[in-house]
Amino acid sequence: MPEKDILPMRTGELKKLEIIKQIENGVIKQKSGAAILDLSTRQMRRLQLRVRESGVQGIIHGNRGRRSRRKIKESVKEKILNLRREKYTDFKPTFLSEKLKEDEGIVVSKETLRNILIAAGEWQVKVKRKKHCRWRERKENFGEMLQLDGSHHDWLEGRGPKMVLMKFVDDATSRAFGRFYEYEGTLPALDLTLRYIKKHGIPRQMYADKHTTYKAFREATTEEMLNDEEPKSEFKRVVEGLGVLLINANSPQAKGRIERNFGTDQDRLVKEMRLAGICTMEDANNFLGVYWAKHNRRFSVKPAQDNDIHVPIPGDLNLRKLFRVRIERAVWNDNTIQNEGMLYQLNVGRDL
């Protein structure tokens, strides 16, 4: 046999060979030998037969030294590396694996892809240090609590206007629903809420930070003092009108799920819009319909209780009247009011 075809025996194979020799020489019984090697007596007989027919080589597995049928061809590896350098420059292995299958017809696991990138010097393994924090269990039902926040980021990578992604993330399922706006404020938050309840219904609770959109830091109005109420933001007034409890988080860590969700968007959504050539806010919002459907299929989880507890919008609820922003202004003697540099004349006697 040529030198290159000789394969070294491993420790386990040497042990098997020694046990077989003892069985063949009558030192131990076949049943005892099978027990030592953790094999059935049938497997033991087959192993003995291979040794009688092929000698020592009968111990070595038939696939040793052969090329794996699942091994990726060098030409495919080179194509993958070229695609990443030219089209998917900053894509991480997991997302790159999905896009190669989806857009290029190349099926390769994220583990194999990671090894290819590491071997080519285009990926480094990062060891993440675990931070100690108190874990809050998810709510049990879809619609029980929504986390709300806005993310300021260069979403279009300089190709278009600056935008803020405002979105809801359901606490029980991690399903996301969001939209791009020019800024994070009361009107965008109300618009997003109105769009959400028209699609899913009214949630039980909302969890937001202490941004001035969601929490008022002004002095209480006369009406609020008379009713012994704390100052409310316009957003809080509206959602309470829907019967929703608004909770203000004390730290970003308290809203960990939506913060991590934004991290995924800042990686994947930015790259998806780059590939789609999106340059305007209108096109970005149109694209979100496709993106959220794919995102939720990929990242949503099954809730502890398979219930949707969103409340249908009551038929007698006037959404147009509720979703108004109220601003308190003094009426001057000539029945005029001033707001944001503009002077308005009031029609005396008209029901406002």
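**Notes on a predicted single-chain model**

1. Buried residues make up 37% of the 352 residues in the chain. The model is a predicted one, and its chain is built from 12 helices and 7 strands. Of the contacts in the chain with a separation of 6 or more, 62% are between residues 24 or more positions apart. The accessible surface of the chain comes to about 23,100 Å², and 49% of that surface belongs to carbon and sulfur atoms.

2. Confidence deserves a look before any detail is read. The mean pLDDT of the chain is 85, with 87% of its residues at 70 or more. Within the chain, strand 3 (residues 176-181) has the highest confidence, at a mean of 97, while helix 8 (residues 222-226) has the lowest, at 70. Where pLDDT is low, the predicted coordinates should not be read in detail.

3. The largest nonpolar core has 26 residues, and those with the most contacts inside it are F168, Y214, F235, L242 and F323. Two or more residues of this core come from each of strand 1, strand 2 (163-170), strand 3, helix 7 (186-200), strand 4 (205-208), helix 9 (234-241) and helix 12 (319-322). Helix 7 is the element that gives the most to this core, with 5 residues. Apart from this core lies another, of 19 residues, including A176, F180, M281 and A284.

4. Which residues does F168 contact, leaving aside its neighbours within four places in sequence? They are L146, Q147, L148, R175, A176, F177, L192, T193, Y196 and M206. One of these, R175, also has its charged end over the ring of F142, 4.2 Å from the centre of that ring.

5. Not counting residues up to four places away in sequence, D149 touches L165, M166, K167, E184, D209, K255, I258, E259 and F262.

6. Helix 5 (residues 93-104) has P93, F95, L96, S97, K99 and L100 as its buried residues. An α-helix has 3.6 residues a turn, so residues three or four places apart point the same way. Just after helix 5, the residue G105 takes a positive phi of about 70°.

7. The aromatic pairs in the model come to 7. Y88 and F91 form an edge-to-face pair, with 5.0 Å from centre to centre and 75° between the planes. Y88 is buried because its relative accessible area is 0%, and F91 likewise counts as buried, at 0% relative accessibility. Ring pairs link Y88 and F91 with F95 into a cluster, and F95 is also one of the buried residues of helix 5.

Notes
Residues are numbered from 1 along each chain as its sequence is written. This is a predicted model: local features need pLDDT of at least 70, side-chain atom pairs count only at pLDDT 80 or more; totals for chains, interfaces and linings use all residues. Side-chain values use heavy atoms; hydrogens and water are left out. Contact means heavy atoms within 4.5 Å. pLDDT is the predictor's confidence in each residue, from 0 to 100. Helices (H or I, at least four residues) and strands (E, at least two) are DSSP runs, numbered from the N terminus. Buried means under 20% relative accessible area, exposed over 50%, partly exposed in between (1.4 Å probe, protein chains only). Rings of Phe, Tyr and Trp (its six-membered ring) pair if their centres lie within 6.5 Å; planes under 30 degrees apart count as stacked, over 60 as edge-to-face and the rest as tilted. A charge sits over a ring if NZ of Lys or CZ of Arg is within 6 Å of the ring centre and within 35 degrees of the ring normal. A nonpolar core is a set of buried Ala, Val, Leu, Ile, Met, Phe, Trp, Tyr and Cys residues joined through side-chain atoms within 4.5 Å. Accessible areas come from the Shrake-Rupley method with a 1.4 Å probe; for residues, only the protein chains shown count as cover.
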